[in-house]
Structures are given as C-alpha cells and as structure tokens.
Amino acid sequence: MSLLKSFVYVSTAYCNPGRKYVDEEIYPTLPPVNWKYFIDCTLKIPDAYFNSLANYIKGPHPNTYTFTKSIAEQIVNDYKHFLPIVIVRPSIVTAAYREPYPGWIDNIQGITGIMMEIGKGSISSILGDKNIICDIIPVDYVVTSLIMTAQRAVKGKVFICNSTSGVTNPITWHRLGCLTLKWSRIYPTQKLYMYPYFKYRKSYILHDLAVYMLHYLPAIVMDLISMFSRRKRKLVLPIARKFRQACLAGKCFSLNEWIFMSESSYYYEKMLNDGSFPCLEWALNTLNYDTYIRQFVLGIQMYLHHEQFSENSRWKITRWVTKSFSACKTGIILIKLLLKKQLKMFLEIY
C-alpha cells in the first residue's frame, strides 16, 4: 500500500489502568513487556498453560482485552517510521447521539446490556461507586474522532486522541442510573419483568446478598411458574447468572475513576470552526444527558427489542407497572410492621 495516507488504530482509553491521569501519549506496558517476545511466547506455549498465567501476566489490567490493547500500541508505535499512523482511544462507547439516528445501537455489550436489563427490572443491584465519573462517549462522536484524527497522520510521529467525555462533559454513575430509571419508567418495555429499580453497592458482600435475594430468588419463582403453567418461555435464571458475571467483569470500571486528558478536542474544535469539516459536529460539551439517555432508552427498545410505541400502549403499561409497584410496596410495609411487632414482643419476653 505505497499510497497509504493514513492508518487509524482504534485502541481503548483503558489500556493504561495503572495510571490515574492518562495523557495523549504512548506509555510503557504495565508490567513491562517486549511485544516481540510476547507474541513469540504465544505461538510456542500451549494455550491451556498460557491462559493459566493470564492473571499473573496482565498485572494491573482488569482483563486481557485492555492488556493486549496496550501491547498493540507498542507494536503500532514501532511502525511509525514506516507508516503514517494515528491512534484513537474511545472510553465506554454508547448509542448514537444524532448519526445515523438518535439512540441507534446494534449490540448489548457493556453498559448497553446493563441499561437494557435495568429497563426490564431484572437488575436490582450494581457493584459500583455512584459518585465517580462514568466516562461514556456516543458512537457518532467516536466516528468523528476517527475521521478527524486520520487527517493528522504523518510518518515518524504517532498522534493520539483520547475520545472521552470525563473532562469535557462529565456524568456520574449516579446521574446515569437516575436518568436510566426515569426514562425506563416513562417508556416501559413490553419485556418488563419487574418495576425498574436498582441501587449501587460498593460492598461485595452486600451486593452478592442483594443478587441472591433480588435477582436469583425472583428468577427461580418465575421459572417455576413457567414450568408448572407449561408456557414456552425463556428461563430467567440463566440470564440472571449471565448478568451477574457481566457486572463482576465490569467492576473495575464502576469502582475506579481515571482522568483522560483530551487536548486534541480543542484542536478539532478549531478545525470545525474554520469550516474544514462543515458536515461534522464535535461540541461534546453541549451534549444534554437528559435528552441523550431518553434517546438511548428508546433506541434500546426500538433497535434491540424491536418494539413499536404508541401513547395508548405506553400509558397502559405504565398504569400496570405503577399498580404492581404500589401493591409490592404495600406488602413490604406490612411485612416490616409485622417483623417490628414480633421483635418488640421478643424483647419484652427476654
């Protein structure tokens, strides 16, 4: 490819998890790894043995994905004198803000799957710190980053773009959760299991207790009802187990916070103001999260659940949900009163 103008490598903002502040530069792999020796080892060592060493090799990395992304950056950097290379590091990629359509999404990976299950009421507890920044970035902003970073490619130097929102327009996990609940209740899905509600928990023990009581127990009851009524319905318990594993896999990102420096965003803003790319938008700081999460929730239901909305069906479901929740709440209050009464009698006797 002798006429190649630009080679864009898509990395991840989390490829340097051992650093609190991540600038737009290439850092040594933690732990230090020579990529040539590493690849040579992967070809010679049996897979079973190599996989058993994964936890020891990856060091501070939460998984092998971020670890191998870090190694790939070293490979890319070593080829900078031969190819015009740039690197884009997106954080948590989410549904589209405007392009191709507001709320467009085509997968249930990462945070999308969690938001989907919150909307269905099948998640009641999330392991995470609600007060830290959740660095999400709409997919169309990432695509804009790719297009604009590609223009900077030159041989001999690797330009890097941290395609993130945490510094420019931050949102906490708490606010993200509140907005997800708000719009999931206003626009409830037809695949609703229970009333949408969840709580963040930083304690592993409390989270596990909540999972067994609020996820597994209702799932078992629902599966038993389906079995006895002989309904052909997908079992809920395997889904609950699957999302518990997904939650544990993402705990590093929901319990920790990084500061991603993004000087390139100012460079791109200047380019757009000059009129170089009139068809693109970059103003991430103007993104309204309330509007965006509304579009995201509707996008999940439209593009993943394949549901069609009408005002009548929406309010019909909402009324049913509200009544169900009120009945459950009343039942919980009565149980609490009975328990308090029993405890009082117990203390009086002993």
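This is a predicted model: local features need pLDDT of at least 70, side-chain atom pairs count only at pLDDT 80 or more; totals for chains, interfaces and linings use all residues.
The strands considered here form an open sheet of 3 strands, which are arranged in the order β1-β3-β7 and pair in the parallel sense. At the edges of this sheet lie β1, spanning residues 7-10, and β7, spanning residues 159-163, each of which pairs on one side only. Neighbouring strands of the sheet are turned against each other by 20 degrees on average, when direction is ignored. The pairing between β1 and β3, the latter comprising residues 85-90, is parallel and extends over 4 bridges. Within this pairing, V8 has V86 of β3 as its bridge partner.

Two helices lie across strands of the sheet. Helix α4, formed by residues 64-78, lies across β1 and β3 and runs at about 160 degrees to β1. Helix α6, formed by residues 139-150, lies across β1, β3 and β7, and its direction is at about 165 degrees to β3.

Helix α6 also packs with helix α11, which comprises residues 264-273, at an angle of about 80 degrees and with the two axes 11 Å apart. The angle therefore makes α6 roughly perpendicular to α11. In this contact, S145, M148 and T149 of α6 meet Y268, M271 and L272 of α11. When the residues of the contact between α6 and α11 are sorted by class, 4 are nonpolar, 2 are polar and none is charged.

A further helix pair is formed by α5, residues 111-120, and α7, residues 173-186, which pack at an angle of about 45 degrees with their axes 9 Å apart. The two helices α5 and α7 are therefore oblique to each other, and their crossing is right-handed. On the side of α5 the contact is made by I111, M115, I118 and G119, whereas α7 contributes W173, L176, T180, L181 and S184. The contact of α5 with α7 has 6 nonpolar and 3 polar residues, with no charged residues.

The bond from L30 to P31 is cis, with omega near -5 degrees, and P31 is placed in the loop between β2 (21-22) and α1 (35-44). The bond from E99 to P100 is likewise cis, with omega near 0 degrees, and P100 is situated in the loop between β4 (92-94) and α5.

Backbone geometry also draws attention to H306, which has a positive phi of about 55 degrees although this residue is not a glycine. H306 belongs to the loop between α12 (289-304) and α13 (311-349). With a relative accessible area of 63%, which is over the 50% cut-off, H306 is exposed.

When residues up to four places away in sequence are not counted, T64 touches A54 and K58. T64 and N51 are separated by 13 residues in sequence, and the distance between them in space is 9.9 Å, taken from C-alpha to C-alpha.

Terms used:
Residues are numbered from 1 along each chain as its sequence is written. Side-chain values use heavy atoms; hydrogens and water are left out. Axes are lines fitted to C-alpha atoms, for helices over the stretch in contact, and angles run from 0 to 180 degrees between N-to-C directions. Angles under 35 degrees count as roughly parallel, over 145 as roughly antiparallel, 65 to 115 as roughly perpendicular and the rest as oblique. A crossing is left-handed if the near helix is turned anticlockwise from the far one by less than a right angle, and right-handed if clockwise. Contact means heavy atoms within 4.5 Å. Ala, Val, Leu, Ile, Met, Phe, Trp, Tyr, Cys and Pro count as nonpolar, Asp, Glu, Lys and Arg as charged, and the others, Gly among them, as polar. Two strands pair if DSSP finds at least two bridges between them. Buried means under 20% relative accessible area, exposed over 50%, partly exposed in between (1.4 Å probe, protein chains only).
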